[in-house]
Amino acid sequence: MAADIYTPGVVAGRLDAETIAANFADLHPPYDGHEAAVAADRCYFCHDAPCITACPTGIDIPLFIRQIATGTPEAAAKTILSSNILGGMCARVCPTETLCEEACVREAAEGKPVEIGRLQRHATDTLMAAGVHPFDRAAPTGKRIAVVGAGPAGLACAHRLAMKGHDVDLYDARPKGGGLNEYGIAAYKTVGGFAQAELDWLLKIGGISVHYGAALGRELSLEALRDSHDAVFLGIGLGGVNALRVEGQVTEGVMDAVDFIAALRQSGDKTDIPVGRQVVVIGGGMTAVDAAVQAKLLGAEQVTIAYRRGREAMSASRYEQNLAASKGVRLMFNAQPEALHGSGAVEAVEFALTQSVDGQLRLTGETRLVPADMVLRAIGQSLDGTPEGIALAGGKIAVSGAGRTSVAGVWAGGDCAAGGDDLTVTAVAEGRDAAEDIHASLLG
Amino acid sequence: MADLSTDFLGIKSPNPFWLASAPPTDKAYNVERAFKAGWGGVVWKTLGEAGPPIVNVNGPRYGAIWGADRRLLGLNNIELITDRPLEVNLREIKQVKRDWPDRAMIVSIMVPCEEQAWKAILPLVEETGADGIELNFGCPHGMSERGMGSAVGQVPEYIEMVARWCKQNTRMPVIVKLTPNITDIRYPARAAMKGGADAVSLINTISSITSVNLDSFSPEPSIDGKGSHGGYCGPAVKPIALNMVAEIARDPETRGLPISGIGGVTTWRDAAEFLALGAGTVQVCTAAMTYGFKIVQEMISGLSQYLDEKEMTLGELTGRAVPNVTDWQYLNLNYVTKARIDQDACIKCGRCYAACEDTSHQAIWMKPGRVFEVNDAECVACNLCVDVCPVEDCITMERLAPGTVDPRTGRVVEAEYGNWTTHPNNPAAKAAE
């Protein structure tokens, strides 16, 4: 008999392929032309617009929206992409509710911002559907730069360098490029193989040689890269996962949320992805929400996100919290994991309840036992090994200026670098700015 | 609820909202539906002389411009007068007037500029029992090429002549519909009055090309790759129409001449404005063509509510704004205002700043935190910031109290009225008595 939502344990195929497909459909379906025109018309074309300031890549949002409104979405796309070459993905995954759309004056005026993210997607999708790559390379400089990590930071860096006329070797440890765009984001945010399509489109600039399955500390060494290249950019992300320090040595049914998400993204119809009947996700960030929501969409009967602090401290935005709640995920606040119970497989998670007193988290003395046959750890990622000789800050690569590391000729950006929010859009900004700095220092 | 019943040239209607001569009034079917919806009267679509019916183009007849969300702001047409046989129209007019005796039934007429042509058609119209006639001297397209419509309306002597013929040949009140495609609307209005017309109606449509197709390079609406200027109407033309109505209302030579106001009336508010500038009734077309006949219900309820709130009768509203329409030279130059920004209402879009800084008088400061404040020393009170602000009443123009110093000019604001005619900079100024 096939599994259903009540089948105990961690099993695949709780829902049929059709239901799963419907559950994982595009979270924000693209605008059609008329919808885009109506949405674009709401933009006030603010002076020195707050949305631009709020965008980590500084996209000229009023200009691109006006270009949509006047029937030239291709020009709008070029405006977007000239600031943010991954504008297509950012249109899908940016927490716009805490960035551009939060800053939109219409949010202040009526609590309903211009839907900048969806407009951006309309523009970039239009251009990409036409197969147009709107940028050309400058005359060759004869310089060769190694970019390690083909995630958002590495891609943005590689593209900008290629545009400036440099040749780029782009390395990635995984068999595919894209980084978290390909492996780390909820499937319903980027449907239809968009991450790979965007990557292919980006590489059309030319001058970028890709080398997959090449990891720093494995096939690559920083010293060798420095010898063979004029500069090195590290956009290696955070390959490690923070450990969950609790009592109990139960391991069956316990996994990292990032692995669960990656498996989902690499699966076809997702009927092969096992999920528990009672899932507990530990953590309070976007990864926790992405994992919890997808567990629910796969057919888990009960899914709980347990976060040790209060709602206001949760790094997942209120929008993400509401999304999770709307899908039937229970949000449990002020619950600190203490122990995993179970003989063999996990059966329950014991939480100590907390409260925040003067900014300090205190235990109340009460505990809660939440039944679980699957526990997903989403308590943060960490740098997986330190590239030799590089100084760290707060467990990440220390950088100054536009991503300069402690080692001459080596830059870093994205999640692996200290500072900044761990967002796709921030990574793009850092990769782009590092490329500009590399260019200036090589040709300066 | 306020009494909206109207007596215009002795023609009674339950409200001042008439449908203008146009496609909505081309046949009994539409007009009866309009009356059921509540319209106070109609001006039947223009009749031509007996004979082979008018031929229209068989491609698009309308072009348009749009605002946000494809809201129709301006409509342009190249349709001619009725293309149905004269006797069919006359039969239907008679039947509808018989069935709806309390509604105004005006018949629009356009025949060649020969007395015989008018003599021939007037008795036929009179026989229908219609309440009045409207002489179509306005249509700027098609018929004007044949010496009718605006070709007549642009020559005051013709207007006077035809109006006189009509007055001599019918007992019905005569309304002359004026074209705005002239330089000074007062001349045709005076001519109509001199010819004995009982009233004028205005404006007819404005010669226009709504857009050019940038692929085919044809004006729109395009007929097999070519376009011809059409007649423009709809909300976009209202300001032009209001001014022309006011010009006639305040012209000493035509003062008191009844006016039926036309041009972009879309809501009760638009209608009230025409009435305040001297119109006795208003005529509506584009709004009905855009939204259907039902809109008259909002016009009726809105105007009634307004009159009730103002404790005013319809008659008291008519012409109420006319004394306040004056020439520039009589505007009070001692009325000094400054822009004031309500910081609580401000949403910090900065449009006022961009407009003032780039295109006006650099009188708005942008301070840290996107705080926008007015620099009174530069503000000339042009009102552009008010006009571009997306939040109603966020920026207002506040008068400087007499006796205070205007920081821009350094001069004390005078309490007394003072205008250009007595201003020291005016070489032709007369010394104040």
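Which side chain does that of Thr421(B) join through a polar contact of 2.3 Å? In this predicted model, the partner is the side chain of Asn419(B). Thr421(B) belongs to the segment that follows strand 22 of chain B. With a relative accessible area of 18%, Thr421(B) counts as buried, because the cut-off for that class is under 20%. Once neighbours within four places in sequence are set aside, the contacts of Thr421(B) are Gln329(B), Tyr330(B), Asn426(B), Ala429(B) and Lys430(B).

Strand 22, residues 411-412 of chain B, also contributes at least two residues to the lining of the second largest pocket, as does strand 17, residues 337-341 of that chain. This pocket holds about 750 Å³ of space. Its lining comprises 25 residues, and those nearest the centre are Leu333(B), Asn334(B), Tyr335(B), Val336(B) and His423(B). Sorted by class, the lining consists of 11 nonpolar, nine polar and five charged residues.

The discussion now turns to the nonpolar interior. In soluble globular proteins, nonpolar side chains tend to be buried together. The largest nonpolar core here contains 85 residues, and among those with the most contacts inside it are Phe17(B), Trp39(B), Trp118(B) and Val125(B). Helix 7 of chain B, spanning residues 238-250, supplies the largest share of this core, namely seven residues.

Val125(B) illustrates the packing within the largest core. Apart from neighbours within four places in sequence, Val125(B) is in contact with Leu47(B), Leu90(B), Val107(B), Ile109(B), Ala130(B), Ile133(B) and Met172(B).

Definitions and conventions:
Residues are numbered from 1 along each chain as its sequence is written. Chains are lettered from A and ligands numbered from 1 in the order in which they are written. This is a predicted model: local features need pLDDT of at least 70, side-chain atom pairs count only at pLDDT 80 or more; totals for chains, interfaces and linings use all residues. Side-chain values use heavy atoms; hydrogens and water are left out. On a 1 Å grid over the protein atoms alone, a cavity is a set of points where a 1.4 Å probe fits but cannot get out, and a pocket is an open set with protein on both sides within 12 Å along at least five of seven lines; lining residues have an atom within 4 Å of a point. Grid points are joined across faces, edges and corners, and a volume is the space filled by probe spheres set on the points. Helices (H or I, at least four residues) and strands (E, at least two) are DSSP runs, numbered from the N terminus. Ala, Val, Leu, Ile, Met, Phe, Trp, Tyr, Cys and Pro count as nonpolar, Asp, Glu, Lys and Arg as charged, and the others, Gly among them, as polar. A nonpolar core is a set of buried Ala, Val, Leu, Ile, Met, Phe, Trp, Tyr and Cys residues joined through side-chain atoms within 4.5 Å. Buried means under 20% relative accessible area, exposed over 50%, partly exposed in between (1.4 Å probe, protein chains only). Contact means heavy atoms within 4.5 Å. A polar contact is a pair of N or O atoms within 3.5 Å; within protein, one must be able to donate a hydrogen and the other to accept it, and residues adjacent in sequence count only if both atoms are side-chain atoms.
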